[in-house]
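Dear colleague,

Please find below the structure for your review. My notes on its pockets follow it.

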Amino acid sequence: MKKFIYIIAPVIICCLNTYAQSIPVKKEEAKDMILDMHRKKIDSLDQSLIKILGERERIVKEIGVYKASKNIPALQASRFQQVLDRAIAAGRKEGLSEEFITTFLNALHRESLRIEEELITKK
């Protein structure tokens with residue numbers, strides 16, 4: 001049965017693609033479809049970014065708890081500079097400007113400090 005599925009599935013996909021390509025689509029409709037497709041990809045990537053940022057901030061909370069227990073200040077300027085330097089280099093490889101990466105990481109760092117300082121003051 002599996003062999004049958006492996007043989008028939010590509011044939012069905014090929015037929016569906018051929019049928020879909022034979023349906024006339026106006027240029028403007030095609031452009032709108034492409035735009036919608038790209039927007040859906042961006043929406044999905046945005047959701048992934050938010051989840052990753054949430055995970056990052058949960059780890060920041062763990063670090064904040066540790067720092068609070070050891071009386072370590074939230075701000076570690078040399079550590080942040082290392083993170084920023086690595087991010088700028090990685091951003092360049094992705095075609096992102098140093099200004100964007102710096103602005104983004106400064107905002108992210110402010111939020112992380114807020115979380116850590118909140119934990120330290122609760123101590």
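The notes below concern the pockets and the residues that line them.

This is a predicted model, in which local features need pLDDT of at least 70 and side-chain atom pairs count only at pLDDT 80 or more, while totals for chains, interfaces and linings use all residues. Residues are numbered from 1 along each chain as its sequence is written, and side-chain values use heavy atoms, with hydrogens and water left out.

Two or more lining residues come from each of the helices α2 (27-69), α3 (77-93) and α4 (98-122) (DSSP runs of H or I, at least four residues, numbered from the N terminus). The largest share, six residues, belongs to α4. By class, this lining has nine nonpolar, three polar and five charged residues (Asp, Glu, Lys and Arg count as charged; Ala, Val, Leu, Ile, Met, Phe, Trp, Tyr, Cys and Pro as nonpolar; the others as polar).

The second largest pocket has a volume of about 240 Å³. Among the residues that line it are Leu49, Gly91, Glu94, Phe100 and Phe104. Here α3 and α4 each give two or more residues, with α4 giving the most, four. This lining divides into eight nonpolar, one polar and one charged.

Yours sincerely

Key
1 Å grid on protein atoms, 1.4 Å probe; cavity = no way out; pocket = protein on both sides within 12 Å on 5 of 7 lines; lining within 4 Å. Points joined across faces, edges and corners; volume = space filled by probe spheres on them.
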